[in-house]
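Work through the exercises below on charged side-chain pairs. Each task is followed by a solution in steps.

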Amino acid sequence: SYGIIMKKLIITLLFFLTLNACQPIEKVNNIVFDNSQFARFNILSTSVEIKEIFEKKISNPYIGYTLKINPSERIINWINDNFKPIGNENIFNVNILDASITQIQIENKEAKNFEEKNNYKYELNYLLEFSLYDDYGNLIASTLVETSRSTTSGIYISIQEKENIIDDLIYNSLVDISNETNKLLINYMANY
């Protein structure tokens, strides 16, 4: 009787171990930030100056300070890689007015039985001001470029999965800001 119970227990345990071993392995795709695939801008100026105007917040719901490379650093890298001064006069300024990312908990109204009732919503906002000044400090041309993008995830996900979701959000926001910048610079600064 004891031997039969032990055999059934071992068979049940082996069954669950085999079943667990057959579960699909989570595939993690890391996002590659390659600024060379975005639009490039040649600006008739002697320099490109970048200023961060916005106040970085280090409290909930803001999470930029928790990231290895925050959205502000990503936008600075994009500007440094894709804006080239080619003139011998004028100064091109880029003011970063917003580069914030937030995480808030929201109710998942479409959740079915056994699904998470709450999710996280991540929202990223970029607001940039491009200004071209002559050598005397007079404003020649300027434009504001703004993008906003959001995504959601479950609350109980791995750290790697969360990082990938946030990186994907930042990357797609860079695509948006690059495309929007291209349109607006053509409209308002085509001669420069």
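A residue is buried under 20% relative accessible area, exposed over 50%, and partly exposed in between. The model is predicted.

**Exercise 1.** Classify Asp176 as buried, partly exposed or exposed.

Solution. Asp176 has a relative accessibility of 21%. The cut-off for buried is under 20%, and for exposed over 50%. Asp176 therefore counts as partly exposed.

**Exercise 2.** Decide whether Asp176 and Arg149 form a salt bridge, and state where the two residues lie.

Solution. The rule asks for a side-chain nitrogen of Lys or Arg within 4 Å of a carboxyl oxygen of Asp or Glu. The closest N and O atoms of Asp176 and Arg149 are 2.8 Å apart, and the pair forms a salt bridge. Asp176 is in helix H3 and Arg149 in strand S6 (residues 139-154), so the bridge ties together parts 27 residues apart in sequence. Arg149, at 30% relative accessibility, is partly exposed.

**Exercise 3.** Describe the pair Glu163 and Lys68.

Solution. These residues form a salt bridge with closest N and O atoms 3.8 Å apart. Glu163 belongs to helix H3 (residues 159-189), whereas Lys68 sits in the loop between strand S2 (47-52) and helix H2 (71-82), 95 residues apart. Glu163 is partly exposed at 28% relative accessibility, and Lys68 is exposed at 72%.

**Exercise 4.** Where do Glu180 and Lys183 lie?

Solution. Both are in helix H3, 3 residues apart, which is about one turn of the helix. Glu180 is partly exposed, at 25%.

Definitions and conventions. Residues are numbered from 1 along each chain as its sequence is written. This is a predicted model: local features need pLDDT of at least 70, side-chain atom pairs count only at pLDDT 80 or more; totals for chains, interfaces and linings use all residues. Side-chain values use heavy atoms; hydrogens and water are left out. Helices (H or I, at least four residues) and strands (E, at least two) are DSSP runs, numbered from the N terminus. Buried means under 20% relative accessible area, exposed over 50%, partly exposed in between (1.4 Å probe, protein chains only).
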